[in-house]
Structure formats: structure tokens, C-alpha cells
Amino acid sequence: MNLSYKYRLYPSEKDKKVLEKNLDLCRQVYNHFLEKLNKKDETPSRYELQKQLPKLKKKWTELKQVHSKVLQMVLKQLYDNLKSLSEQKRNGYKVGKLRCKGEEWFKTIEYNQSGFKLKRTENRLDKLRLSKIGKIPIQLHRELEEEAKGVIIKRNNTGEWYAIFQTEQETEKQNSVNSDDVEAVGIDLGIQNFIVDSDSNRVEHPKNVEKAEEQLKKAQRNLSRKEKGSNNHKKQRKRVAKLHEQVKNRRMDFLHKLSNAYVNKYDRIVLEDLNISSMVQGKMNSKNTLDSGWRKFIQLLLYKAESAGIEVVLVDPKDTSKKCSQCGVKTNKPLWQREHSCPSCGYKTDRDYNAAQNILEKSLGEGRAKVTPVETEASTDTNFRDVSASFVIETGSPFLTSEVS
Ligand SMILES: [Zn+2]
């Protein structure tokens with residue numbers, strides 16, 4: 001399984017020139033081989049073209065400024081593009097030939113297996129050493145959890161540079177989850193909190209993301225007032241793109257860390273199935289951003305769970321907030337009512353915590369082996385662990401690994 005980790009690079013002006021030069025040379029190599037291929041009736045193998053690279057370098061001495069693996073990966077990129085073109089053709093799409101790439105259209109170079117190394121420093125920024133390019137400051141805002149097999153260096157539309165590390169995640173746990181010692185958790189996707197789980201963790205919505213989102217909205221409004229084509233418009237457009245990137249990065253960072261924490265701690269994770277409409281109506285017809293965050297979170301869980309050999313179960317959310325998790329009696333509560341207070345057994349707790357327990361229980365009711373219930377006695381004072389979003393981002397959610405106090 002491949003996972004990628006994206007980090008911002010902060011190249012100096014001098015670094016930028018070298019990076020741009022590398023991009024440009026790779027672009028020319030891409031175009032060079034593409035033209036060659038377009039003249040041929042039969043496409044030679046990639047390996048055959050790769051063998052021509054050393055000879056080409058002798059004639060075209062500038063290419064010595066580019067790491068040899070990087071040049072090889074240009075060919076890979078070209079062949080990948082050819083492949084997806086022929087796939088489209090097979091699927092009935094009308095496709096032309098690949099076109100040569102202009103400067104604006106070639107944005108990435110790739111190191112594979114060798115030629116790159118991360119260097120830790122004592123400073124805020126660490127360094128990424130790229131062979132033939134130099135040591136570029138990098139912001140490792142989250143841990144690279146496995147060894148990287150390759151790295152893609154990318155320039156985005158606003159002229160910012162990123163390093164995207166490719167890793168191959170190994171399966172840590174075997175698919176031998178024994179029902180007796182399964183550690184399971186139910187998760188309610190909440191409005192008050194991002195999630196509340198059946199182990200009484202409450203994780204707040206990523207507020208700092210929301211703050212950045214406010215800035216983004218403001219900048220977008222600002223942009224619409226500027227005259228198109230003017231310098232101010234261009235400047236503002238860059239700013240908008242930058243904020244957009246920031247919001248996206250922070251949100252993903254939060255979701256990655258939180259999903260890692262759950263996948264590392266539990267053998268079975270049970271959540272509401274967002275595609276079942278009974279929930280959509282009740283919870284969030286107007287909250288699209290919440291919805292997309294939860295979906296992304298579930299997607300990440302499913303993806304990581306697969307490689308970790310654990311189970312993610314999605315259950316029908318019907319009645320999970322109505323039902324008392326202790327006695328099973330159903331009562332209607334309006335959305336604004338944050339507390340669950342059972343008229344039948346007297347169980348009082350957080351509304352979403354009650355739901356999380358029901359969600360966990362639902363996975364047991366679906367013909368699955370029994371799981372040790374988290375708590376059974378009706379209590380009225382649950383000790384919640386409230387976790388801020390920034391704590392998740394900064395620490396990677398170790399709260400899940402220590403005992404609830
Ligand atoms: Zn009850």
C-alpha cells in the first residue's frame with residue numbers, strides 16, 4: 001500500500017533557480033522523447049529509451065545538472081501518460097496524441113530510491129538534500145512514519161514548492177483479530193464535537209482550520225472586488241490560492257493524525273454509514289463542510305485499516321441518538337438538546353457519547369462475534385476527555401494511548 005506525505009519546501013532564491021532549471025531540463029527531455037515516439041509506429045519499451053539516456057547526456061551536457069534517476073523518471077511519467085491515454089481510448093473516448101509540454105505544464109520532478117535524504121536540524125525547518133540541487137529547507141509539520149521510497153518535487157500554481165514523499169506501508173497487524181480480545185470503539189460524528197467515541201474521548205472540530213477558512217472567504221470576497229487583469233487582482237489571486245492550500249493542508253493533517261491514532265489503538269472501529277439517508281436528514285443538511293470532513297476521515301480510516309489488518313464497520317445510524325444505550329428505550333430529542341437523559345432508567349450523559357455506545361453495539365448486532373462492552377453499568381457521570389484539534393495536530397493524538405482519567 002502506498003501512502004504519500006506532503007510537506008512545504010522553502011527554497012532560497014538560488015535554490016529556486018536550480019529547481020526551475022531542473023524542471024525545465026526534464027520538460028525538454030520529456031518533449032524530446034515524445035517527439036521521437038510520435039514519429040514511430042511502434043512504441044519501444046521504456047527500458048529501451050532509458051538506455052539512450054547516457055548517450056544523450058554526452059551530447060546534451062546540460063543534462064548532467066539533473067540526477068540520473070530523475071531523468072529516468074521523466075520517461076516513466078511519459079509512459080504513464082501514454083498508458084492512461086490508451087486506456088481512455090479503450091474506454092471509448094476520442095483522444096489525440098500527447099502534446100509537448102510548455103513551461104507552465106511541467107511542474108514535477110521525481111526522485112526514486114536514491115538521490116534524496118532528509119536531514120534533521122535543531123531549527124524550525126529541517127533540510128531535504130536533493131542530489132544535483134542542494135539542501136532545501138523543509139517544514140515537517142507531521143512525522144513521516146515510514147521510510148520513503150521516493151519523493152516528488154512539485155511547484156504549484158502560486159509558485160510554492162512541495163515535497164511529496166511516497167512510502168510503502170507495511171501490514172503491521174495480521175488479519176487474525178480474535179473476537180475475545182478485540183478492542184473495539186464506536187465513533188459518533190458530531191456537530192458539537194468532530195467526534196465523540198465510546199471510550200469517552202471528545203475531539204473538537206478543527207477550529208484553526210475554520211479560522212483559516214474565514215480568512216480564505218474574506219480573501220475571496222476581496223478578489224471579486226478587484227478589477228480583472230489588474231496587478232492587484234493577480235496578487236490577490238495568489239493570496240487566495242495560498243490560503244486555499246493552507247486550509248487544505250491543515251485539515252488533512254488533522255484528519256491523518258486522528259485516523260492514525262484510532263487505527264493504531266483499536267482492532268475494530270465502528271462508525272455511522274454516512275450514505276444512509278436517515279442520518280443525513282437529521283444531522284447536517286446544511287453542514288456540508290462537516291460532511292466532507294467526516295467522509296474524508298472515514299475514507300482515511302478505511303484505507304489505513306486495510307493495510308493495518310483491522311476492521312472498520314459502518315452501521316445504519318437509525319435511532320442511534322434516540323435510543324438509550326443502557327436500557328434501549330427510545331426518546332426523541334431535538335438537535336439542540338446536547339444531553340441524553342433517559343426517562344426510563346435515568347441514565348444521563350452526553351448525547352453523542354450515548355450515540356457512540358449505540359453505534360458500537362450495532363456492530364455486534366450484525367451477526368458478529370461478541371466484543372467486550374466498554375461500559376455496562378448505568379452511570380450518570382462520565383469523565384470525558386476533551387481534546388482540542390490543535391492538540392491532535394501538534395501531538396498526533398497520543399491521548400488515545402493513555403488511560404482516561
Ligand atoms: Zn435508559
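This is a predicted model: local features need pLDDT of at least 70, side-chain atom pairs count only at pLDDT 80 or more; totals for chains, interfaces and linings use all residues.
The four donor atoms around the zinc ion subtend angles of 106 to 114°, and the arrangement is therefore tetrahedral, a term used for four donors when all angles lie between 85 and 135 degrees. Residues are numbered from 1 along each chain as its sequence is written, and side-chain values use heavy atoms, with hydrogens and water left out.

The protein donors of the zinc ion are the SG atoms of Cys324, Cys327, Cys342 and Cys345, which lie 2.2 to 2.3 Å from the ion; donors here are N, O and S atoms within 2.8 Å of the metal (3.2 Å for Na, K and Ca), and because water is not among the atoms, sites may look incomplete. Along the sequence, the spacing of these donor residues is C-x2-C-x14-C-x2-C. Cysteine 324 sits in the loop between β12 (311-315) and β13 (339-341), while cysteine 345 sits in the loop between β13 and β14 (348-350), so the pair ties together parts that are 21 residues apart in sequence. Helices (H or I, at least four residues) and strands (E, at least two) are DSSP runs, numbered from the N terminus. Cysteine 324 is buried, with a relative accessible area of 1%, whereas cysteine 345 is partly exposed at 35%; buried means under 20% relative accessible area, exposed over 50%, and partly exposed in between (1.4 Å probe, protein chains only).

A search of the whole structure finds 18 salt bridges, where a salt bridge is a side-chain nitrogen of Lys or Arg within 4 Å of a carboxyl oxygen of Asp or Glu. Some of them are listed here.

| Salt bridge | N to O distance |
|---|---|
| Aspartate 253 and lysine 257 | 3.5 Å |
| Aspartate 319 and lysine 322 | 3.9 Å |
| Aspartate 352 and arginine 338 | 2.8 Å |

Aspartate 253 and lysine 257 are four residues apart in helix α6 (residues 231-265), and are therefore separated by about one helical turn. Aspartate 253 is buried at 5% relative accessibility, and lysine 257 is buried at 9%.

Lysine 322, by contrast, is partly exposed at 33% relative accessible area, while aspartate 319 counts as buried at 18%. Both residues belong to a network of salt bridges that links Lys318, Asp319, Lys322 and Lys330.

In the salt bridge between aspartate 352 and arginine 338, the pair links distant parts of the chain, with aspartate 352 in helix α9 (residues 351-365) and arginine 338 in the loop between β12 and β13, 14 residues apart. Aspartate 352 is buried at 4% relative accessibility, and arginine 338 is partly exposed at 25%.

Strand β12 also holds glutamate 311, which is partly exposed at 25% relative accessibility. Its C-alpha atom is separated by 6.3 Å from that of isoleucine 269, although glutamate 311 and isoleucine 269 are 42 residues apart along the chain.

Turning to the protein chain as a whole, its secondary structure comes to ten helices and 15 strands, and buried residues make up 44% of its 405 residues.

Note on methods:
Four donors count as tetrahedral if all angles lie between 85 and 135 degrees; four count as square planar and six as octahedral if opposite donors are over 155 degrees apart and all others between 65 and 115; anything else is irregular.
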